[in-house]
Amino acid sequence: MKHYEALTVKDEPVFTLEKETLSTENLPTGDVTFKVEYSGVNYKDALASIEKGGVIRQYPMVPGIDASGVVLDSQDPDFKMGQEIIVTSYGFGVSHPGGYSQIQKVPAEWVVPLPEGLTLKDAMKFGTAGFTAALAVQGIEEAGAKKDSRILITGASGGVGSIAIAMLKKLGFEHVIAVSRKDSAKNWLTDLGATEIVTPDSLIPEKPKALNKQNFDFVIDTVGGALASTLIPQIQYDGAMALCGNASGIKLDTTVLPFILRGVKLLGIDSVNTPMAKRQQIWQRLATDLNVADVLKVNELAFDELPATFEALLGGTHEGRSVVKIAVD
Ligand SMILES: NC(=O)c1ccc[n+]([C@@H]2O[C@H](COP(=O)([O-])OP(=O)(O)OC[C@H]3O[C@@H](n4cnc5c(N)ncnc54)[C@H](OP(=O)(O)O)[C@@H]3O)[C@@H](O)[C@H]2O)c1
């Protein structure tokens, strides 16, 4: 194959997002060349598709922060032709061409062998969203979450939120409270494992104070901003918030009191630079005790349906996860 198709964003002469035919002679630097079978769509990918989205580090760029596929060629002895692999994180799809491409080439240090128990498609049902959800779930487990803890998940109809709910159900957590603005998501979030569904507005106390009633033991937050700020004073003594996202803003307005008087812990969750040993351990869990690939709400897309999905994500109407078939059969 001398040529392949890829989605490209350019910033000049005007901003464009287009499918292009590229030559394999111009593949980026790296050790492992692979045929991309599937990719996924994350909020970050939607931001990559718009001018001033703030995530693309240099133009032109092939976006797509997630990919799974089959090795075509490897200059690194750890990977062999025909091997199934996952590539996410680091500069993939932001400073180095990413997953919306029939062929891609990456540094060997970015490559995770597909763990036994996952298919290439299942791996992309998770993608960065599932990986991040797993980091957050493991974070609250390590912080002491028990099966009867009250666990609140914000941005519940999104990728990270919905996958975290399914994982908590699979692990046997009994009180999983989903926070969603969407009426339309109530049924499928209940099927996924939410034991209660509340709106963000209902969480604002009548009198917001530095310390409010201790309503939740642990929070997995994907929304940030005012919602995360409202929740910190409501976390139980010795509880924790795993802070993953900023869907509604980056500003955190809080005081030190929940931390110094209640021992509340803030667990920062970063998927991009997770060290490889932990990355492989998390993918191993995604293939085993956190493997909820079969129960997730997944929209399956063709390559050409990507722009409409970006719009839905940016417009706040998207639900669940979207997986894109990149390879042509
Ligand atoms: N830390 C990391 O390494 C990492 C990795 C992956 C993702 N993230 C971040 O995590 C967040 C979620 O990612 P995702 O891929 O799951 O995105 P997503 O699928 O778009 O989900 C985000 C959810 O947040 C809620 N939301 C969106 N805009 C909101 C607003 N203005 N106010 C309140 N709620 C809002 C929506 O849920 P409801 O409508 O149900 O309320 C939406 O479905 C993003 O901020 C993303 O950048 C971080």
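Predicted model: local features only at pLDDT ≥ 70, side-chain atom pairs only at ≥ 80, totals over all residues.

Student: Where is the kink in α2 centred?

Tutor: On Gly-127, with a kink of about 70 degrees. The bend is the angle between axes fitted to the seven residues ending at a residue and the seven starting there.

Student: How far apart are the ends of α2?

Tutor: The end C-alpha atoms are only 29 Å apart. A straight helix of 23 residues would reach 33 Å at 1.5 Å a residue. The expected span is 1.5 Å times one less than the number of residues.

Student: Is α2 mostly covered or uncovered?

Tutor: Mostly covered: 20 of its 23 residues are buried. Buried means under 20% relative accessible area, exposed over 50%, and partly exposed in between, with a 1.4 Å probe and protein chains only.

Student: Which parts do the buried residues of α7 pack against?

Tutor: β5, β7, α2 and α3 (159-171). Among the buried residues of α7 are Arg-279, Ile-282 and Trp-283.

Student: Which ring pairs with Trp-283, and how do they sit?

Tutor: Phe-131. The centres of the two rings are 6.1 Å apart and the planes are at 25 degrees, so the pair is stacked. Rings of Phe, Tyr and Trp (its six-membered ring) pair if their centres lie within 6.5 Å; planes under 30 degrees apart are stacked, over 60 edge-to-face, the rest tilted. Phe-131 sits in α2 and Trp-283 in α7, 152 residues apart. Both are buried.

Student: How many aromatic pairs in total?

Tutor: Four. One of them is Tyr-90 with Trp-110: centres 5.6 Å apart, planes at 10 degrees, so stacked. Tyr-90 is in the loop between β5 and β6, and Trp-110 in the loop between β6 and β7, so the pair ties together parts 20 residues apart in sequence.

Student: Which lysines lie over ring faces?

Tutor: Lys-19 lies over Phe-303, at 4.5 Å from the ring centre. Lys-325 lies over Tyr-38, at 5.2 Å. The test is NZ of Lys or CZ of Arg within 6 Å of the ring centre and within 35 degrees of the ring normal.

Student: Switching to Pro-113. Which strand is it in?

Tutor: Strand β7. At 31% relative accessibility, Pro-113 counts as partly exposed.

Student: What does Pro-113 touch beyond its neighbours within four places?

Tutor: Phe-79, Gln-83, Glu-84 and Gln-280. Contact means heavy atoms within 4.5 Å.

Student: Zooming out, how many helices and strands does the chain have?

Tutor: Eight helices and 15 strands. Of its 329 residues, 54% count as buried.

Terms used
Residues numbered from 1 in each chain as written. Heavy atoms only, no water. Helix = DSSP H or I, 4+ residues; strand = E, 2+ residues; numbered from the N terminus.
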